[in-house]
Amino acid sequence: MNRFTMQRRIAIALLSALSVGGVLILLDGHNPFEAYKVLFLESFLNYWGFSNTLVKASPMLLAGLAVIIPMRAGVFNIGGEGQIYIGGLFGAVFALAIPDLPGLFGVPLIFIAAAAGGAFWAAIPAYLKAYRGTNEVIVTLLMNFIAIHIVSYAVAGPLLAEGAPYPYSEEVSEAYRLPILMPRSDTHVGFVFGLAMTVILYFWLRFTPSGFHLDLVGRNARAAAYAGVDQKKTVIRAMLIGGSLAGMAGAIEVIGLKYRLFHLFSDGYGYDGIVVAFLAALNPIVAPLTALFLAGLSAGAGTMQRAVGVDSSVIEVVEGLVVVLVAAALVTPRTRPISILKPLARNLRLRRQTQRQKKEA
Amino acid sequence: MDSFLKVTGIDKSFGAVRALHNVNLLASKGECIAILGENGAGKTTLASVLIGLYQPDSGEIKLGGTPVSVTSPAKAIEHGIGMIHQHFSLVGAMTAEENILIGLPSTKRGAEARARIRQLCSDFDFNVDFDIRVTEMPVGMKQRVEILKALFRDVSILILDEPTSVLAPTEVAPFLKGVRKLVANGCLVFFISHKLDEIREIADRVMIMRHGRVEGVLPVATTPMAQMSALMMGDKPTGETVETPKAKKARNDTSSAADALVVSDVCLMDPGGAEILQDLTLSVKAGEILGIAGIDGNGQTELSEVITGLKRQTSGAIHLNGTEISSASIAARIADGIGFVPEDRHAEGLVLSLTVEENMAFRSIGEDRFMSGGLISRRAMHEIASDVVAAFDIRPPDPKLNASALSGGNQQKIVLAREVARARNLLVVVQPTKGLDVGATEFVQNQIRAVAHSGVGVLYISTELEHVLDISDRVAVMAFGRITGVVDPENTTLQDIGLLMTAAPEEVL
């Protein structure tokens, strides 16, 4: 299947998901065109709505890249969520431990610390995959829960802010906070940073031997070995890059949006990244668009509920359908459907779970 | 004569490529029809239409007078049409029996069925190991399992796509005998082949295809080979002349040349402890073509992998131009100028989801000719590939197509072109002519000769004995993981080689 037919199939999958969602809105007694219009106007053409979309899109984009790069080497990184948490933790610890640097040094160092945290968390399943043949899907997935609880422990214990009513850390110093992109809003420069990473990764895959070789491993591992590519090292490299990207998404949440390390601070962005990645057909240059789309859906859902009266859970259905239909669109005679569908379905379940947990908290 | 199978006006296009153009055919039970044509002539496409893998754009298939619509291979089997593909469709993790019985209701998979499989096996003189899984089988045995699978399903029309290309020379005659037995029992057999002598031996009629059209359906007995060949090749100029023995002599005066490759006392054990290679020693001089003949599965593939670094020998040493490379990585050996055309071009030699030009480059990507300013130059990649596509007449001539869109013969040309360009010191080729037609074989052989002529040592591993004898300066015969003898191709008889191929090492040494 060439790239063009693949993109067409993905577009058809998207339209189908929106159509089925439209039917549900109709059954709910509302005009689907009106509802979608409100949703997209609110999330993309309204200043505050778009600001909200960008805030959500920033971690989604990095989390999407964190799935794309390992997947291009044939490794399925379901662990973005955990890598975000550990990245946020490392970034926050660095920011709180050394609070007096000028922002110009401090912010890059916080990013490096967060990237190191995410990479460290990804290195464990990467090593097990490369040298022990362990299934990376299971290991990365389960390590998410460990990471979430480590952060919960940290902010409820050693990092707990004085007099905090909720498990969160002290604020990071003002010098370390990311600049605001859209005045009077929360929108920080995180998405721009993500765009820069996107371009770098796209060129790396296309124009450097190491990027080309990584792609080769994912496409045909035997041919890659025949071309002299060290598979084990490539798998580890891909996962380290993925972990770093997700880790930096964690830093963006901490020093860009909340200015503290919160208990359960990521809203399932690591799992959203999987949708972003597959929606982009694993092409990094498309990921910003798919991240914006997914972020827009979730940012506009609330407004749509208020303005039109359609329950916002319809949008959850649409998101779910997007996952399933895009996965179906990507199934070629050469890929086993099960290998893509299963983790994606699991992803959907986990997202719900995280959201529920958060609400309960 | 009543025609059992009637094919009328079949058309099939893939995008802009017209693979079949108004194909008509009448055939009766109890005859063997050979389908002859160059690579990409439409032979395999026609077969795929007959067994329901592809749906024709237009046209009709009638069986016994009634129009049938063969919409899937399962339907084809219902109608009694079976096919043995060039690329096998076996489940690697299963045994021969499991593969043969796959998809049948459990009532038909009992002891009786198993007994019948063994009966078929002995009827057709097929040597199949029923205790191992398909992945562990040599290619020739896998094909025998494929054939058994079709025979077991009582097909009345059997399509064989290049069936003998993987068989050992000694297996060809019994196989052809088996096919004749099928025909005598009223089966209609289509025999897709490039080998005129085999067609001569087995087929009643020959259907010649070119560029998707039927050029003629002729009785084999009364049609001279030259006419068949002319119809198949069309009016294009024939390939370069075959090297004369004198020219070969002139080229292979390598007595004073240095050794390009020396393999000394190499042993290789598989994880189960079986000895795949046993104290194997050989040398290839610069500019020399050393042929390795042998029956499929006697360690030839493993030898190529040990030399190129894909497998690590248990003991022994390998020297390239006098430097030991016994423990060098694959990448280091690539950098040392070892070109390698592996046996399985689909699984190993190519990345089908990449374009033709990326496939031309992927094993050489760090080389200067593909780089500019430290980055991969997509333009250089395209230009180099365009030149090669023209020089090797790769069709369709578009380097930006995915490799999966090309026919098997054209895919093989991509691999060969890439490795020929890479090989500065040594070229290892395994089964380079497998599945190629006469013209393409000659082309491949000439390319390899040219490489040797430029001073590169060539190790030419193939089970197609006549090709090995034709091209090699010396021929080493392999059996049971050893070299059982090295002969001069000019002064040796097939009988001698056959003995070396089959005799146990103890009897020969």
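**Exercise 1. Which residue stands opposite B:Tyr460 in S20(B)?**

Solution. Before starting, keep in mind that this is a predicted model. Begin with the neighbouring strand: S13 of chain B, residues 289–293, is joined to S20(B) by four bridges, and the two strands run parallel. Within this pairing, the residue that stands opposite B:Tyr460 is B:Gly291.

**Exercise 2. Find the residue opposite B:Val458 in S20(B), and describe the unit to which the strands belong.**

Solution. Strand S19 of chain B, which covers residues 426–430, pairs with S20(B) over five bridges, in the parallel sense. Here B:Leu427 is the residue that stands opposite B:Val458.

**Exercise 3. Explain why strand S20 of chain B is largely enclosed by the rest of the structure.**

Solution. First, sort the residues by the way they point: B:Gly457, B:Leu459 and B:Ile461 point one way from S20(B), whereas B:Val458 and B:Tyr460 point the other way. Then ask about burial, for which a residue must have 20 or more other C-beta atoms within 10 Å of its own. Residues on both sides of the strand are buried. Because five of the five residues in 457–461 are buried, S20 of chain B is largely enclosed by the rest of the structure.

**Exercise 4. Identify the residues with the most contacts inside the largest nonpolar core, and follow one of them.**

Solution. The largest nonpolar core holds 199 residues, and A:Val276 and B:Tyr460 are those with the most contacts inside it. Helix H10 of chain A, residues 231–258, gives the most to this core, namely 15 residues. Now follow A:Val276: leaving aside residues up to four places away in sequence, its contacts include A:Met60, A:Leu61, A:Ala287 and A:Leu294. Another core, of 64 residues, lies apart from the largest one, and B:Cys32 and B:Leu151 are among its members.

**Exercise 5. Describe the contact between chain A and chain B, taking the side of chain B in detail.**

Solution. Count the residues on each side: chain B gives 20 residues to the contact and chain A gives 14 residues. On the side of chain B that touches chain A, helix H11 (330–335), helix H12 (345–349) and strand S18 (375–376) each supply at least two residues. Finally, classify the residues of this side of chain B, which are 13 nonpolar, five polar and two charged.

Technical notes
Residues are numbered from 1 along each chain as its sequence is written. Chains are lettered from A and ligands numbered from 1 in the order in which they are written. This is a predicted model: local features need pLDDT of at least 70, side-chain atom pairs count only at pLDDT 80 or more; totals for chains, interfaces and linings use all residues. A residue is buried if 20 or more other C-beta atoms lie within 10 Å of its own, exposed if 12 or fewer, and partly exposed in between; C-beta atoms are placed from the backbone. Two strands pair if DSSP finds at least two bridges between them. A crossover is right-handed if, with the strands pointing away from the viewer, the path from the first strand over the helix to the second runs clockwise. Two residues are in contact if their C-beta atoms, placed from the backbone, lie within 7 Å. Ala, Val, Leu, Ile, Met, Phe, Trp, Tyr, Cys and Pro count as nonpolar, Asp, Glu, Lys and Arg as charged, and the others, Gly among them, as polar. A nonpolar core is a set of buried Ala, Val, Leu, Ile, Met, Phe, Trp, Tyr and Cys residues joined through C-beta atoms within 7 Å.
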